[in-house]
Amino acid sequence: MNDKNCLFCKIISGGIPSAKVYEDEKMLVFKDIAPKAKVHLLAIPKTHFSLLSDMDAGSAEAVKHILTKIPEIAKENGCANGYRLIVNQGDDAGQEVKHLHFHILGGEKLNLF
């Protein structure tokens with residue numbers, strides 16, 4: 001199920017263009033429009049839900065699929081030497097788009113927190 005007001009759901013449906021790097025039936029990966037590293041990708045499930053705490057069995061399978069695919073996608077996009085995954089959850093964590101998403105950052109030596 002998608003949310004017609006969600007930015008990422010609009011990207012999934014093709015209503016908003018994106019620089020796609022990978023897509024299958026469960027997920028979409030595209031370049032972040034405001035990159036924080038040489039490589040900054042967003043991996044999103046095609047089913048809309050906002051938080052990890054909103055997962056049901058089906059969305060948990062989508063997250064499992066995403067986490068299984070990320071190593072291959074990261075390597076193919078210049079992160080063979082490592083990458084960082086970030087999942088912001090809620091307003092206090094800085095989640096700007098209320099659709100679960102994984103930031104994949106790499107392609108360079110990243111600073112520690």
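The legends below describe close-up views of a predicted model. Residues are numbered from 1 along each chain as its sequence is written, and side-chain values use heavy atoms, with hydrogens and water left out. Local features need pLDDT of at least 70 and side-chain atom pairs count only at pLDDT 80 or more, while totals for chains, interfaces and linings use all residues.

View 1. The structure holds 0 disulfides, a disulfide being a pair of cysteine sulfur atoms within 2.5 Å. For C9, the closest cysteine sulfur belongs to C6 and lies 3.8 Å away, which is too far for a bond. C9 counts as buried because its relative accessibility is 4%; C79 is likewise buried, at 3%. (Buried means under 20% relative accessible area, exposed over 50%, and partly exposed in between, with a 1.4 Å probe and protein chains only.)

View 2. The largest pocket holds about 460 Å³ of space. (A pocket is an open set of points on a 1 Å grid over the protein atoms alone, where a 1.4 Å probe fits, with protein on both sides within 12 Å along at least five of seven lines; lining residues have an atom within 4 Å of a point. The volume is the space filled by probe spheres set on the points, which are joined across faces, edges and corners.) Its lining comprises 23 residues, and F8, D32, I33, L42 and E96 lie nearest the centre. At least two lining residues come from each of α1 (7-13), β2 (27-31) and β3 (39-45), with α1 giving the most, 3 residues. (Helices, H or I of at least four residues, and strands, E of at least two, are DSSP runs numbered from the N terminus.)

**View 3. F8 in helix α1.** F8 belongs to helix α1 and is buried, with a relative accessible area of 4%. The C-alpha atoms of F8 and H99 are 6.7 Å apart in space, although 91 residues separate the two in sequence.

**View 4. A43 in strand β3.** A43 sits in strand β3 and counts as buried, at 0% relative accessibility. From A43 to E23 the C-alpha to C-alpha distance is 9.4 Å, with the two 20 residues apart in sequence.

**View 5. L67 in helix α2.** L67 is found in helix α2 (residues 57-76) and is partly exposed because its relative accessibility is 42%.
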